[in-house]
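Have the model open and follow along.

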Amino acid sequence: MDDKTFNFSHKELYLIGFTDLQEYRPYLFIPFLIIFAFTLFANSVIMLVIVKESKLHAPMYILIGFIAALGFIQPIILVPRMIISFLFGRNMIYKDECLVQTFCLHMAAFFQSTILALMAVDRFFAIVFPLQYHDYVNFKTSLILSLLFFFRNLLCVVSMVSLIGPLHFCKSNVIYHCVCEHTSVVNAACGDVSKNHMAGTIAFILVSCDCAFVICSYIVIFVIIFRSPSDESRQKAILTCSTHLMAIAVAFFCVVVAFVGYRVPTIPRDIRVLSTLSYHLIPNCFNPVIYGIRTKEIRVQVVKYLSYNKVESY
């Protein structure tokens, strides 16, 4: 390809995910609208309960509140545009807008991984060092850890997005996806994209490190739990940890499915799109259910809040 071709780059991109479904594509707005509405409602209830109830202003519940906030924000970034695309066929997105969406989506995904890791740290000190818990888990250490993770996530995502910025979309401005996901955008560009793929792989490795850290933490936690002489304490700890592990399993399973989906060429492209959407949407949909049902303190306050509103409506 000559230099003149590289001097031209499309400024308008088209997201055409699921067009292989042809006439069935417009009906996709129904499941995504249901998921969108339920996710916003469930996460908003969790956030409201944690903010209003002073008993829930402990580190573990604050982290659950942050996960709910991410679960509320992330669908707003991607679902409305998808629904408009399904219903009206408006698939165009400006390149700069696409880069902003890429940044927001991957920052949210990184912070979900970060919060799950911080929750593992919280449970580790609560169970392994219960008497020194408040010495380790305090405002200063929480702030330091949060800042370290924040700058790590920011550096990684900014690197990913900044490497996309100079790319030229000279061959085609059509992206077979519903959102500006990093790998799909990079694959639509022309020229050398090896650095972009390397940045994506590094991002996956960082998330995998979070996952490995969480697994190691919970191995130690469960060893301590099963050595505990108190059956009541053991059952309470298992219940709390199993709740977190369910949320972690959902999140990291979706990430692995999406990562593998784009690196196995035989997988149909609609399945690849669905796998990416799953890791952006499914954890946000399931997390409030998992924490709302399995965390007694939150469940009691949610039932109390919903019952109060029901009485008020009458």
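Helices here are DSSP runs of H or I with at least four residues, strands are runs of E with at least two, and both are numbered from the N terminus.

This is a predicted model, where local features need pLDDT of at least 70, side-chain atom pairs count only at pLDDT 80 or more, and totals for chains, interfaces and linings use all residues. Residues are numbered from 1 along each chain as its sequence is written, and side-chain values use heavy atoms, with hydrogens and water left out.

Among the elements, α2 has the highest mean, 92, while helix α1 (residues 3–6) has the lowest, 46. Over residues 1–6 the pLDDT stays under 50, and the model has 8 contacts beyond four places in sequence for that stretch; a contact means heavy atoms within 4.5 Å.

Now for the packing. Two packed helices are described by the angle between their axes and the distance between the axes. The axes are lines fitted to C-alpha atoms, for helices over the stretch in contact, and the angles run from 0 to 180 degrees between N-to-C directions. Angles under 35 degrees count as roughly parallel, over 145 as roughly antiparallel, 65 to 115 as roughly perpendicular, and the rest as oblique.

Take α2 and helix α3 (residues 59–88): their axes come within 8 Å and cross at roughly 155°, so the two are roughly antiparallel. The crossing of α2 past α3 is left-handed. Their contact has 22 nonpolar, 5 polar and no charged residues, where Ala, Val, Leu, Ile, Met, Phe, Trp, Tyr, Cys and Pro count as nonpolar, Asp, Glu, Lys and Arg as charged, and the others, Gly among them, as polar.

Next comes helix α10 (residues 269–294), which packs against α3 at about 140° with the axes 9 Å apart; that makes the pair oblique. Here too α3 passes α10 in a left-handed crossing. Residues of α3 including I64, L70 and L78 meet residues of α10, among them L277, H280 and L281. By class, this contact holds 10 nonpolar, 5 polar and no charged residues.

α10 also meets α2: the axes come within 9 Å and cross at roughly 40°, so α2 is oblique to α10. On the α2 side, F32, F38 and I46 are among the residues involved, and on the α10 side L277, L281 and P288 are among them. That contact divides into 9 nonpolar, 4 polar and no charged residues.

Zoom in on L78, which sits in α3. L78 is buried, at 0% relative accessible area; buried means under 20%, exposed over 50%, and partly exposed in between (1.4 Å probe, protein chains only). Leaving out residues up to four places away in sequence, L78 touches Q101, L105, V179, H280 and L281.

Most residues other than glycine have a negative phi. F18, though, has a positive phi near 70°, and Q22 has one of about 55°. F18 lies in the loop between β1 (12–15) and α2 (29–52), and Q22 is in the loop between β1 and α2 too. F18 is buried at 6% relative accessible area, whereas Q22 is exposed at 57%.

Conventions: Left-handed = near helix turned anticlockwise from the far one by under 90°. pLDDT = per-residue confidence, 0-100.
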